[in-house]
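Let's take a friendly walk through a protein model together. Have a look at the picture below, and then we will visit it piece by piece.

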Amino acid sequence: MALKTVSSKLAAQLDKELMGPEIGFTLEQLMELAGLSVAQAVQRQFPLSIYHKNKILVVAGPGNNGGDGLVCARHLALFGYRPVVFYPKRSSRTPFYGQLVNQLKFFKIPVLSTDDDWKQLLHAKDTLCVVDAIFGFSFKPPVREPFGSIISELISVQDQLPIVSVDVPTGWDVDEGPVSTEHIVPSMLVSLTVPKPCSAKLDKDKTDHFVGGRFIPPDFAVKYGFEPFPYPSTDQILKL
Ligand SMILES: NC(=O)C1=CN([C@@H]2O[C@H](COP(=O)(O)OP(=O)(O)OC[C@H]3O[C@@H](n4cnc5c(N)ncnc54)[C@H](OP(=O)(O)O)[C@@H]3O)[C@@H](O)[C@H]2O)[C@H](O)CC1
Ligand SMILES: [K+]
């Protein structure tokens, strides 16, 4: 299947229209579906029946990509995994992020901050994979701390511990792809709504690519210049 992409600018515009006065989705609705999609993709790639490990580290960033990660962690717990969330910079942009954290507590999912030793989870012996929900389509390089150090830690283990990137591999320029020789190479990317141009730079031998976030009607996709994705049955994801 030919890769269909939209630029970071168009992706932001698409999001704005979905949440604008005419269509009226709320951020919370879209984020729930985005997080559910990522959890479903993880389950497809790492079924518990084959992988006899259930611990998953979810690293959540300060924006909506991080919010998708918080939602994903909750669904992973419902699917039988044992997620642990590392959320180093908590957003106060809307009270909703606090509510998502409360929901994680309700599910007894640990939420670590920079004071905690999150690095001890970076071992393939115990951990199945890392969900990279640090930055999505609004990331502008160069990266600022503490995220530079966090990304370096993830890069140092990615040959042993699979990384599942949400929407955009963190640290990549959304339109151009990797900006430095040392960069995250995810073993799986879940693009939301439609792949961003950087996904054309993925090495197909190293990264499986899914699209998720099944929340638009076909004519809206066409309006933004891409063919609707043929999601099978009730699936929230499609492997490209
Ligand atoms: N329709 C959809 O597909 C949906 C997608 N969703 C997800 O939302 C993200 C986009 O979310 P957004 O909040 O716009 O942006 P990000 O999460 O990518 O990043 C913004 C935060 O990152 C900080 N930032 C940006 N650049 C840097 C940097 N170089 N160093 C450190 N920090 C950085 C930024 O901080 P500022 O201080 O610059 O404001 C923000 O805190 C999309 O990719 C999807 O994953 C939604 O769930 C809805 C539906
Ligand atoms: K990401």
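In which loop does Ile184 lie? Ile184 sits in the loop between E5 and strand E6 (188-192). Names of this kind come from DSSP runs, numbered from the N terminus: helices are H or I runs of at least four residues, and strands are E runs of at least two.

Before going further, a word on the model itself. This is a predicted model, in which local features need pLDDT of at least 70 and side-chain atom pairs count only at pLDDT 80 or more, while totals for chains, interfaces and linings use all residues. Residues are numbered from 1 along each chain as its sequence is written, and chains are lettered from A and ligands numbered from 1 in the order in which they are written.

**Around Ile184**

Is Ile184 buried or exposed? Ile184 is buried, because 21 other C-beta atoms lie within 10 Å. The rule is that a residue is buried if 20 or more other C-beta atoms lie within 10 Å of its own, exposed if 12 or fewer, and partly exposed in between, with C-beta atoms placed from the backbone. Leaving aside residues up to four places away in sequence, Ile184 touches several residues, among them Asp132, Ile151, Leu154 and Ile163. Two residues are in contact if their C-beta atoms, placed from the backbone, lie within 7 Å. Gln236 is 52 residues from Ile184 along the chain, and their C-alpha atoms are separated by 25 Å.

**Helix H5**

Two of those contacts, Ile151 and Leu154, lead us to helix H5 (residues 147-157), whose buried residues are Ile150, Ile151 and Leu154. These buried residues line one face of H5, because they fall within an arc of 95° when seen down the helix axis. The arc is that of the directions from the helix axis to the C-beta atoms. Gly148 and Ser149, on the other side of H5, are exposed. The cover over the buried residues of H5 includes strand E1 (55-60), strand E4 (127-133) and strand E5 (163-166).

**The sheet**

Those strands belong to an open sheet of eight, in the order E3-E2-E1-E4-E5-E6-E7-E8, with mixed pairing. E3 and strand E8 (237-239) stand at the edges with a single partner strand each, so one side of each has no neighbour in the sheet. Two strands pair if DSSP finds at least two bridges between them. Strands of a sheet pair through backbone hydrogen bonds, either parallel or antiparallel.

E6 runs parallel to E5, joined by three bridges, and parallel to E7, joined by five bridges. Val190 in E6 is the bridge partner of Val166, and Val190 also stands opposite Phe210 in E7. Ser191 stands opposite Val211 in E7. How many residues of E6 are buried? Five of its five residues are buried. Met188, Val190 and Leu192 point one way from E6, whereas Leu189 and Ser191 point the other way. In a regular strand the side chains alternate between the two faces of the sheet.

Most residues other than glycine have a negative phi, and most peptide bonds are trans.

| Residue | Phi | C-beta neighbours inside 10 Å |
|---|---|---|
| Lys108 | near 60° | 8, exposed |
| Thr193 | about 70° | 27, buried |

Lys108 lies in the loop between helix H4 (96-106) and strand E3 (111-112). Thr193 is placed in the loop between E6 and strand E7 (208-212).

The model also has a cis peptide bond joining Pro141 and Pro142, with omega about 5°. A cis bond joins Glu145 and Pro146 too, with omega about 5°. Pro142 is in the loop between E4 and H5, and Pro146 is found in the loop between E4 and H5.

**The ligand**

Which residues come nearest to ligand 1? Of the 30 residues around ligand 1, they are Gly63, Asn64, Asn65, Gly136 and Ser138. A residue is near a molecule if its C-beta atom, placed from the backbone, lies within 6 Å of it. H3 gives the most to this shell, with five residues. By class, the shell has 15 nonpolar, ten polar and five charged residues. Here Ala, Val, Leu, Ile, Met, Phe, Trp, Tyr, Cys and Pro count as nonpolar, Asp, Glu, Lys and Arg as charged, and the others, Gly among them, as polar.
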